[in-house]
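The sequence and structure are shown first.

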Amino acid sequence: MKRFAWRLQRVLEITDQRERVLRAELYALAHEIARVRHEIIARQITVRTVLDELARKSLAERLGEQTIVLACAAAEERILARLRAQQAEFEAKRAATTTRFLKERSMRRALEHLREEAYAKYLKVVAARELAEFDEVSHIAFTRRMRPRTARVAG
């Protein structure tokens, strides 16, 4: 009996490989988004801390440092805006990659379902052939047992 061979097996393997690649991309994007969020939070905390320390100082001490601190805070805000834009870009990429991933996963699942159906059909055909062979062997054996024995004529 021939082994089970499914014509779309290679398509299933390629789809599975694409799904794994997209899953890895999603993981990498999630990692980058988390990294950028962490950096944004850390920079926000730093700016707040410096501004709080400046607010606690007396007016005379604060006047000298205030222009420098506010210039640094403005620079940090520009950096934060750039980081937020980068985060939004990563999130848009993640959304697009998620859509592609879900398509690949549904394609893989559909292909696996088709493969299972083809394999079940193959098993039915194999069982039917084996039954037919068994029936044929049984009929031949029965016919041989039932056939009258003819005497050999010595001659």
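## Basis and overall form

A contact means heavy atoms within 4.5 Å. By that criterion, residues 24 or more positions apart account for 88% of the contacts in the protein with a separation of 6 or more.

The model is predicted, so local features need pLDDT of at least 70 and side-chain atom pairs count only at pLDDT 80 or more, while totals for chains, interfaces and linings use all residues. Residues are numbered from 1 along each chain as its sequence is written, and side-chain values use heavy atoms, with hydrogens and water left out.

The C-alpha atoms of the protein fill a box of roughly 140 × 20 × 20 Å along the principal axes. The radius of gyration is 38 Å, whereas a compact globule of 155 residues would have one near 15 Å; the value is taken over C-alpha atoms, and the globule rule is 2.2 Å times the number of residues to the power 0.38.

## Helices and burial

The protein has two helices and zero strands. These are DSSP runs numbered from the N terminus, with helices being H or I of at least four residues and strands E of at least two. Helix 1 has 48 residues, which at 1.5 Å a residue should span 70 Å; its end C-alpha atoms are 70 Å apart, in agreement. The expected span is 1.5 Å times one less than the number of residues.

Buried residues make up 16% of the 155 residues in the protein. Buried means under 20% relative accessible area, exposed over 50%, and partly exposed in between (1.4 Å probe, protein chains only). The buried residues of helix 1 include Leu12, Thr15, Glu19, Leu22, Leu26 and Leu29, and helix 2 is part of what covers the buried residues of helix 1.

Glu104, in helix 2 (residues 59-146), is buried at a relative accessible area of 15%. Apart from neighbours within four places in sequence, Glu104 is in contact with Thr15, Arg18, Glu19 and Leu22.

## Salt bridges

The structure holds 14 salt bridges, each a side-chain nitrogen of Lys or Arg within 4 Å of a carboxyl oxygen of Asp or Glu. One of them joins the side chains of Glu19 and Arg108 at 2.3 Å, N to O. This pair links distant parts of the chain, with Glu19 in helix 1 and Arg108 in helix 2, 89 residues apart. Glu19 is buried at 2% relative accessibility, and Arg108 is buried at 12%.

Glu32 forms a salt bridge with Arg35, the closest N and O atoms being 2.9 Å apart. Because they are three residues apart in helix 1, about one helical turn separates Glu32 and Arg35. Glu32 is partly exposed at 25% relative accessibility, as is Arg35 at 35%. Arg43 pairs with Glu76, again with closest N and O atoms 2.9 Å apart. Arg43 lies in helix 1 and Glu76 in helix 2, so this pair ties together parts that are 33 residues apart in sequence. Salt bridges that share partners join Glu32, Arg35, Glu39, Arg43 and Glu76 into one network.

## Surface

The accessible surface of the protein comes to about 12,500 Å², with 58% belonging to carbon and sulfur atoms. Areas come from the Shrake-Rupley method with a 1.4 Å probe; for residues, only the protein chains shown count as cover.

Leu8, Val11 and Leu114 form a nonpolar surface patch with about 220 Å² of accessible area together. Patches consist of residues with over 30% relative accessible area and no salt bridge; like charges are joined within 9 Å, and nonpolar side chains (Val, Leu, Ile, Met, Phe, Trp, Tyr) within 5 Å. Leu8 lies in the segment before helix 1 (9-56) and is partly exposed, with a relative accessible area of 34%.
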